[in-house]
There are 2 protein chains.
Amino acid sequence: MSTEMTHPAGTRVLILLDDPTGDDASRTLPLAAHLRQVDADDLHVSVLDLGVTRGDGIFETLDAVEGSPQSLEPHLARLANSARLLDLPAPSLDLYREAVHRAIALSPYPRISVKLVMTRGIEGAGACTGWVYAEEIPDFTAERENGIRVVTLDRGYRHDVAQTSPWLLQGAKTLSYAVNKSVYREAARRGADDVIFLSQDGYVLEGPTSSVILQFGQHFVTPSTDQGILAGTAQAAFFEFCEANGYTSEYRLVPADELAQADSIWLSSSVRQIVPVRELDGTARSFDAEVTAAALEHLLGRRS
Amino acid sequence: MSTEMTHPAGTRVLILLDDPTGDDASRTLPLAAHLRQVDADDLHVSVLDLGVTRGDGIFETLDAVEGSPQSLEPHLARLANSARLLDLPAPSLDLYREAVHRAIALSPYPRISVKLVMTRGIEGAGACTGWVYAEEIPDFTAERENGIRVVTLDRGYRHDVAQTSPWLLQGAKTLSYAVNKSVYREAARRGADDVIFLSQDGYVLEGPTSSVILQFGQHFVTPSTDQGILAGTAQAAFFEFCEANGYTSEYRLVPADELAQADSIWLSSSVRQIVPVRELDGTARSFDAEVTAAALEHLLGRRS
């Protein structure tokens with residue numbers, strides 16, 4: 001593969017990874033030789049790739065601010081964890097890290113999202129497919145300041161399903177995200193913008209693309225990640241903000257009725273950072289605008 | 001698009017559908033003008049297609065014997081039903097039907113599988129992506145005659161989840177099939193070949209790529225399809241065989257403990273047709289070889 005990289009005509013950057021599961025210690029070529037910038041408008045995936053025929057692959061999305069990726073190492077660690085949960089070969093984290101930096105360097109925007117993808121590849125071929133894709137992110141100022149309307153929806157699984165039934169892949173960030181799309185359509189039918197999943201046995205889990213954070217006075221709570229949910233990278237940064245500002249924070253089981261009792265609820269995610277909930281299941285809610293602004297500043301200030 | 005079709009150098013046939021959700025009644029060009037045969041080894045899917053980034057699409061797989069598709073209309077009906085469950089535009093069934101016949105005509109083998117795919121297309125573009133793909137099927141004689149080893153695995157959902165939580169898309173045949181792949185790996189770890197899903201509340205559901213049929217003497221039972229499972233096309237043909245041969249058949253709830261009581265258990269599916277279960281959760285089982293052979297003959301004899 002060529003290492004030649006140029007600013008594309010369009011606004012998006014796509015880098016294909018040759019050998020995305022290669023052993024970093026034994027590579028003979030430099031990492032850059034395994035990266036190839038291509039036109040994002042061209043077609044690069046086979047109809048036989050298990051990523052498309054079965055949603056059989058993993059991904060991560062992170063934010064980059066002024067040339068610096070946010071929480072890159074936690075995202076890479078989560079990608080590796082998703083690979084383990086799917087019995088995929090370990091992704092080459094050195095190669096993905098290099099591709100992320102390359103994509104950011106090639107992108108002309110101050111604020112971009114960077115998506116890391118690895119599929120199981122073409123059925124029977126035994127080689128994974130990998131790419132990194134960067135594009136400009138929209139402006140979330142209105143949602144962050146005014147809040148969003150959220151509905152709770154049943155995810156159908158018990159809160160302990162990741163322990164009892166690991167083959168259901170709960171806690172992995174997979175390409176099988178049709179349900180995570182479907183619930184946004186259900187939210188829209190209910191006049192809402194986003195979703196908080198509840199377990200079948202009544203615990204707060206996460207959003208389809210976010211973590212949930214609750215405020216009780218000076219104490220902040222998020223659902224514990226042993227419930228088949230993702231360890232949120234933005235949520236972790238929010239808890240760092242809490243610790244730095246004298247607040248306490250906790251990971252634990254959160255019964256659904258605590259949503260109504262919380263002083264504030266936020267959804268945290270890599271690209272949108274945090275947004276407060278201003279309406280839950282049709283009921284107006286207040287939220288702490290001061291904490292929202294301060295935490296957002298901390299989250300946006302992350303570099304690497 | 002060109003209507004020129006030729007036998008490919010390889011053994012596989014790939015036909016891309018232009019405008020797969022077009023209104024059949026108002027087309028001005030002939031159907032064939034919307035079909036384009038391409039090389040299956042080339043790349044035809046964008047990394048931005050929601051089929052690959054979110055597993056956001058639907059599919060069907062059917063068998064073709066000696067130039068004739070099996071249960072084509074039930075498969076087309078199920079494709080349309082999956083589209084409804086995912087709030088996708090209705091697929092053009094005339095166009096998919098034409099593409100299936102074309103793919104079969106172009107395939108040099110007497111026994112082929114034909115896969116119909118429709119994705120939501122590139123995010124924001126508002127146009128679905130569609131293709132039909134045909135390849136030779138392997139020989140399943142050994143499994144059909146000797147039976148297979150099966151394990152039961154929890155699907156995590158209650159049996160009534162399709163009614164209570166339709167946003168979970170149970171009963172749709174989607175491209176988000178990572179779990180359906182994952183359970184085969186779990187089965188292999190347990191020394192088995194295939195899986196029967198149980199609902200979280202203890203009912204028999206279906207296999208990851210098959211329906212379940214139980215025999216009790218002259219009476220044949222399959223789980224009712226209001227449990228978020230697919231209406232099996234091969235299972236329906238099996239019940240036709242039952243009716244034609246003086247057996248009775250029934251769709252109903254099947255508590256998991258009935259698996260141990262059944263005289264025979266089969267998994268039915270389009271390409272493998274039916275295979276008997278010779279071992280369930282590590283326990284050897286007998287099965288009715290005579291019914292297996294007769295039903296298989298009926299299933300393989302289907303034309304159109």
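**View 1. Six salt bridges link chain B and chain A in this predicted model.** All six lie across the interface of the two chains. Here is one to look for: the side chains of Arg185(A) and Asp87(B) form a salt bridge, with N and O 2.8 Å apart.

**View 2. Polar contacts join chain B to chain A, with several elements of chain B on the touching side.** Between the two chains, 26 residue pairs are in polar contact. On the side of chain B that touches chain A, at least two residues each come from helix H1 (50–53), strand E6 (129–136), strand E7 (148–154) and helix H6 (178–189). H6(B) gives this side its largest share, eight residues. Sorted by class, the side of chain B that touches chain A holds 22 nonpolar, 16 charged and 10 polar residues.

**View 3. Chain B and chain A bury about 4500 Å² between them.** Carbon and sulfur atoms account for 57% of that area. Which residues of chain B lose the most area to chain A? They are Val47(B), Arg54(B) and Trp167(B), and together they make up 17% of what the chain B side buries. As for contacts, 48 residues of chain B are in contact with 49 residues of chain A.

**View 4. A rotation of 180° superposes chain B on chain A.** The shift along the rotation axis is 0.0 Å, and the RMSD is 0.0 Å. This is the relation of a two-fold axis. Both copies use the same surface, and 100% of the contact residues of chain B recur in chain A.

How values were computed:
Residues are numbered from 1 along each chain as its sequence is written. Chains are lettered from A and ligands numbered from 1 in the order in which they are written. This is a predicted model: local features need pLDDT of at least 70, side-chain atom pairs count only at pLDDT 80 or more; totals for chains, interfaces and linings use all residues. Side-chain values use heavy atoms; hydrogens and water are left out. Contact means heavy atoms within 4.5 Å. Buried area is the accessible area (1.4 Å probe) that two parts lose on being put together, summed over both. A salt bridge is a side-chain nitrogen of Lys or Arg within 4 Å of a carboxyl oxygen of Asp or Glu. A polar contact is a pair of N or O atoms within 3.5 Å; within protein, one must be able to donate a hydrogen and the other to accept it, and residues adjacent in sequence count only if both atoms are side-chain atoms. Helices (H or I, at least four residues) and strands (E, at least two) are DSSP runs, numbered from the N terminus. Ala, Val, Leu, Ile, Met, Phe, Trp, Tyr, Cys and Pro count as nonpolar, Asp, Glu, Lys and Arg as charged, and the others, Gly among them, as polar. Copies are superposed by least squares on the C-alpha atoms of residues with pLDDT of at least 70 in both.
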